[in-house]
Amino acid sequence: MPRLTGSSQPSFITSNVLYWRAMSGYGAPPTVPTQFQIVNTGQIDQDWQRKFTIIWASVLAFSIVISLPLLVRALRRGTALKGLLGISEVWYRNPQYRGIKPSTSVKRGQSQGPRKIEAALNRIVSPLWWRIPGVSLNAGQVLFIVSYLVVVLVCITTDASLIKNANRAGYIALAQLPIVFLFAAKNSVLSLLLGPGNGYEKLNFIHKWSGRSIFIAALLHGALWIRDHLELEEAILGELKETTGVAAFAVLCVLVLTSVLPVRRYFYQVFYIIHFLTYVAFFITLCYHTPYATPWIFPPLAFYGLDILLRLIRLRIKDAVLVPVNSQMTLIHVPDCTDGWTAGQFIRLRVFLSGRVFESHPLSIFTAPPEISCVTSLPQGVNLGARVMGDWTKAINAYAAQTVEELRKIDEAQVCSEDEKEKGAQTFTMEATNSKRPALLPEVPVQIMIDGPYGGCSVDLGRYETVLLFAGGSGATFTLGLLDDIVGRCAKRGREGGEITKRIEFAWCVRSFGAIDWFAPALMDIATLAASSDLSLHISVYVTCLCNPEAIPPIPNCDITIVRPSIYKVLLDIITPPETSGMEAAASSSDIDAIMVIPQAPAKHDADHKRPSTATTQQSSSVATVDSEAFEPSVRNRLPWVGIGGGLAVCTSGPENLTREAANALARLQLSKAAGDVGIVGLHTEVFAL
């Protein structure tokens, strides 16, 4: 057939164009009615999954950006990357004496402009520090959780007819899986990017509430599907999709119900095991339920895999010694660990005891690294304090006390045997035995596993002229580490990092006088070094119960009062000028009469506890009995006045009610006129609870 060329070749496109031009006079072409249009709901739901991911990733990126100043300051101090690969073990060099460097002159920050801006921002955000009784979150965290739930709700309901399409809630539930695992991982890059003091324990509330949000979205998704099946009179179980969906939701219910506070607090090991197993079962049933789950499971597995890898790198198996101070406290000393942590951090400790091998618990390190630490009466290395609170700490204390008693009996038997050989059985006396008995330290060797360090303090105390460290009970392990660090940086290292700290108030609430002995040697070492420097340190011990009164340790510049003080009054007292100026304020007779201080007699040198003798009553502890409601702190008369504007740092640790009171007190102070021009304000709270 001859090929047509030129203008005689027909053109389909040209004919169509001519046709529509001819028909243009009859109006636009007809459209399909909306009710008959086919809508790709699956594609729309996946688009909202991506929108939700973009939203939370953008918020996270913004949080990292505003945390950059904190990270930069930590990098300059050389503490940001400490502990990234675990605690360091120094084997290749002998410890060398490091002399105390002369302290440089204390000057306020040269750039007052940025500090004034920061102080103004502190006042603006201070209402977010408020905590409601019975709620473990502050106002800022509550606002964040509410905003998160609102975003989830908007993503579920926008452009979705839930009655006709129940899948949107399921898609959004899947999109939250990366959030749950990102904020649950103990080792993640996120904690590093957000700066010191933002470890997993501070971010864990997002893990909890995102998990609850998944449960709510899955509940909505399942309820709407069941409703559709009931209307259509279809079987709920039978098909693979429906059966695996019900199984996945049942596993999710078990996971959520066993994560409530009472289960975590009283049956933690049960909670931990069920939590791990149910997540594995949940992922398996989820993959059988829908093929769309697979892309959202890979990121959680990656986060968890990185967590396990870093945890394996940071694990250490070490020899340690247990020291049972009394029936309520066990000190744990880990030698040969001299670096790799910063003050305020904690480790997860596993003690290889019979029946307790699979348990690990967090314990704070209450001394700074040896190059900074002022403590000389304790072994160099990692020092921990385990308060007897549960079965694990009780078992450790009982084992240590029992072993110490057995060792003492063996030693007594050996001494008796030696005396019998020397003098004979008839001339043996108890007096001779006691005179030759060596002074044994109550130390019990044990093997442990260290995982960490984690956490830390988000406030650099060296940036503030005035520091308040307030602790309750065993929470002193956190504040004592911070005290050791800042005193060491100022008095021992000569403020080489530009620290401007001038005065420190260390307050400790305990139930009985016997608890003071837990950390008395460390407090005496720190207070003694601070007294020989230009740094002013005052220690206040508040005994809330007149139980087991014992001898007061001779801690320099320390007052002991039988009262539970108001933290707001303590804060107000610190920023108030003293009644008298200069050194006369510390010895004001009116102040001494006001709180009924009874000075203790100078203590003699205690060889067993390595306590230095006290030369004057001004350096020894004093005790007072004061009515709780009428008590007015007088810290301002025991610390020199340095003026205002230099900044105030407040770090508290202990029970939840104590940290809540401290946060509310500082927020109230910031909003009141009494605060004046305090300068920049820093707050860090550490709750010792699950």
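A charge sits over a ring if NZ of Lys or CZ of Arg is within 6 Å of the ring centre and within 35 degrees of the ring normal. With that criterion I looked up Arg212, whose charged end sits over the ring of Trp209, 4.7 Å from its centre. I then turned to Arg314 and found that it lies over the face of Tyr454, at 4.8 Å from the ring centre.

I note that this is a predicted model, in which local features need pLDDT of at least 70, side-chain atom pairs count only at pLDDT 80 or more, and totals for chains, interfaces and linings use all residues. Residues are numbered from 1 along each chain as its sequence is written, and side-chain values use heavy atoms, with hydrogens and water left out.

**Aromatic pairs**

I looked up the ring pairs of Phe, Tyr and Trp (its six-membered ring), which need centres within 6.5 Å; planes under 30 degrees apart count as stacked, over 60 as edge-to-face and the rest as tilted. The structure holds 18 aromatic pairs. In one of them, the rings of Phe215 and Phe249 have centres 5.7 Å apart and planes at 10°, so the pair is stacked. Phe215 belongs to helix H9 (residues 200-231) and Phe249 to helix H10 (residues 240-257), so the pair ties together parts that are 34 residues apart in sequence. Helices (H or I, at least four residues) and strands (E, at least two) are DSSP runs, numbered from the N terminus.

I checked accessibility next (buried is under 20% relative accessible area, exposed over 50%, partly exposed in between; 1.4 Å probe, protein chains only). Phe215 is partly exposed at 21%, and Phe249 is partly exposed at 26%.

The rings of Phe366 and Phe519 have centres 5.1 Å apart and planes at 55°, so this pair is tilted. Phe366 lies in the loop between strands S6 (361-364) and S7 (382-387), and Phe519 in the loop between S10 and helix H17 (520-531), so the pair ties together parts that are 153 residues apart in sequence. Phe366 is buried at 1%, and Phe519 is buried at 2%.

I also recorded a cluster in which ring pairs link Phe181, Tyr279, Phe282 and Phe283.

**Helices H12 and H13**

I found Phe283 again in H12, where Tyr272, Phe276, Phe283 and Cys287 meet Ile297, Pro300, Leu301, Tyr304 and Arg311 in H13 (contact means heavy atoms within 4.5 Å).

**Arg493**

I located Arg493 in the loop between helix H16 (476-492) and strand S10 (503-510). Arg493 is buried, with a relative accessible area of 12%.
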